[in-house]
Amino acid sequence: MSPQDVIIDMKGITKRYGFGDTESYALRDFDLTVKRGEFIMIMGPSGCGKTTLLNIIGLLDKPSLGAYFLNGKEVGRMTEQRKAKVRAKKIGVIFQDFNLISHLSVLDNVVLPMTYAGFTKTHRELQADKVLEKFHLQEKEYYMPYQLSGGQQQRVAIARSLVTNPEIILADEPTGNLDSRSSRIVMEELKEIHSEGNTIIMVTHNPALTVYATRVINMLDGQIDTDIKTVEDDDLPQPVKIHFRQRNVLKEVKEALSGKGEEKEEKK
Ligand SMILES: Nc1ncnc2c1ncn2[C@@H]1O[C@H](COP(=O)(O)OP(=O)(O)OP(=O)(O)O)[C@@H](O)[C@H]1O
Ligand SMILES: [Mg+2]
């Protein structure tokens, strides 16, 4: 395994809460190496540390001890500003309860992460349009979240997490609140994103979903209990250098700037 294939490398990660008598550990001396293109499912009983792990990987929480290297850079040495930038550009997060912003339309929810990642307004709206089209949600662009079904809301949340073309997608029980049909649609979408060479780490309680994974990790008491790879490293999907979605957007931004894209601008 060449070092550049490793996207996440965690060594001795410990997350401690409280001190003395109230001391407890969400993660204990946790080691994890993730290669680009893996689709990891994390399972384990309630309270074993799954969400804590995702939050640390997603730079939303800090370990008490240990070292975390993301793309070879040690996260503990990054400034808060640097971390916010890395998070906005490289990481997409999907939550169980969708976490859509209720007073923003579908389109504005999807545009939001790009605001943090510093894209131009034209680029933001064209890219959001593209992603919503891919998820068959374009006709819902101006709906508010409460006007959508649970499955549709989760697809908007996935669209939102993907709109910046993140290399890593973290999903905490993304199908936990969905019926089986919506759940399958969401999983098929994650499968496609994975086939484009992105890395996915997903927490689930549903063993049936592990068919989508290339690796299944079972956690127990803040540690890895079992860790099984079902796909050889050499057979993981290769990253697409320039993302096809990005390539389309670049073309359209050029057209918009040269006047051909005016129709779109007027639609607002
Ligand atoms: N802010 C906190 N303060 C104290 N303890 C915490 C805090 N956050 C999490 N914990 C503890 O850390 C442990 C791991 O929590 P975590 O949310 O990671 O579990 P989980 O595996 O995601 O569980 P679930 O399947 O129920 O979502 C739990 O025992 C929890 O009580
Ligand atoms: Mg959890």
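Me: What is the order of the strands in the open sheet of 6 strands, and what kind of pairing does it have?

Reply: In this predicted model, the order is E6-E7-E8-E3-E9-E10, with mixed pairing.

Me: What makes strand E6 and strand E10 edge strands?

Reply: Strand E6 (91–94) and strand E10 (223–229) each have a single partner strand, so one side of each is left without a neighbour in the sheet.

Me: How do you know that strand E3 and strand E9 pair?

Reply: Strands are DSSP runs of E with at least two residues, while helices are runs of H or I with at least four, both numbered from the N terminus. Two strands pair if DSSP finds at least two bridges between them, and 4 bridges join E3 (residues 39–43) to E9 (residues 215–220), so these parallel strands count as paired. Within this pair, Ile40 stands opposite Arg215 in E9.

Me: Why are strand E4 and E5 called paired?

Reply: E4 (residues 65–70) and E5 share 2 antiparallel bridges, and therefore meet the requirement for pairing. The bridge partner of Phe69 is Glu74 in E5.

Me: How are the residues, chains and ligands labelled, and which confidence limits apply?

Reply: Residues are numbered from 1 along each chain as its sequence is written, whereas chains are lettered from A and ligands numbered from 1 in the order in which they are written. Local features need pLDDT of at least 70 and side-chain atom pairs count only at pLDDT 80 or more, while totals for chains, interfaces and linings use all residues.
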